[in-house]
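Here is a quick tour for anyone opening this one up for the first time. Have a look around, then read on.

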Amino acid sequence: GAGETVLEASAVVVTVPLGVLKKRRIQFDPPLPAPKQEAIDRLGFGVVNKLVLVFDEAWWLPEVDCDCFGSIADPQHHPRGMLFLFWSLAPAPVLVAEVSGHAAAEVEQSTEAEVVRHAMDALTNIFKVSKPVIPAP
């Protein structure tokens, strides 16, 4: 039909957003095998946000000698997915924190100061024994 493009090949690598596959916007001929289509139907996706914290120095070194660190959320204080993983961009004094799921949607309704405070609370909890005082970003 109008606006449609037909491509023929013996093999393809398709890299499109999951939503395109879930809505079946691409018609494969022959159709995808049932197990692949069922896997696509089962896959989910959601909101992920990142918070970049820039410090004067990489205070977490040399104690943290890996690219990332995190903690398991305390559901009484922070919802699941709230600032659970921190990526170190060392030697730059930068941490990138991840927020996912319902917590990511919650963060989008928060002020920058509130999110930074949550991040500093999470870092304080992670490093409470070895670094009782963490500098502000």
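Which residues of the largest nonpolar core touch the most other members? Before the answer, a word of caution: what you see is a predicted model.

## The core

The answer is Phe-86 and Leu-123, which touch the most other members of this 24-residue core. Helix 4 gives the largest share, with five residues. As a rule, in soluble globular proteins nonpolar side chains tend to be buried together.

Let's zoom in on Leu-123. Setting aside neighbours within four places in sequence, Leu-123 is in contact with Leu-53, Phe-55, Trp-59, Phe-69, Phe-86, Leu-95 and Ile-134. So the two residues named above, Phe-86 and Leu-123, are also in contact with each other.

## Around Val-48

Now hop over to Val-48, which sits in strand 1 (residues 48-54). Once its neighbours within four places in sequence are left out, Val-48 is in contact with Glu-98, Val-99, Ser-100 and Ala-104.

## Two salt bridges

How many salt bridges does the structure hold? There are two. In one of them, Arg-24 pairs with Asp-41, and their closest N and O atoms are 2.9 Å apart. Arg-24 lies in the loop between helix 1 (18-22) and helix 2 (34-42), while Asp-41 is in helix 2, so this pair ties together parts that are 17 residues apart in sequence. Arg-24 is partly exposed, at 48% relative accessible area, and Asp-41 is partly exposed too, at 37%.

Asp-121 and Arg-117 also form a salt bridge, with 4.0 Å between the closest N and O atoms. Here both partners lie in helix 4 (residues 112-126), four residues apart, which is about one turn of the helix. Asp-121 comes out as partly exposed, with a relative accessible area of 37%. Arg-117 is partly exposed as well, with a value of 45%.

Which residues make the nonpolar surface patch of about 280 Å²? They are Val-12, Val-14, Val-16 and Ile-26. Take Val-14 from that group: its place is in the segment before helix 1. Is Val-14 buried or partly exposed? Val-14 is partly exposed, with a relative accessible area of 38%.

Key
Residues numbered from 1 in each chain as written. Predicted model: local features only at pLDDT ≥ 70, side-chain atom pairs only at ≥ 80, totals over all residues. Heavy atoms only, no water. Salt bridge = Lys/Arg side-chain N within 4 Å of Asp/Glu carboxyl O. Helix = DSSP H or I, 4+ residues; strand = E, 2+ residues; numbered from the N terminus. Buried < 20%, exposed > 50% of the residue type's maximum accessible area, 1.4 Å probe, protein only. Patch = residues over 30% accessible without salt bridge, like charges linked within 9 Å, V, L, I, M, F, W, Y side chains within 5 Å. Areas by Shrake-Rupley, 256 points an atom, 1.4 Å probe, with all protein chains shown as cover. Contact = heavy atoms within 4.5 Å. Core = buried A, V, L, I, M, F, W, Y, C linked by side-chain atoms within 4.5 Å.
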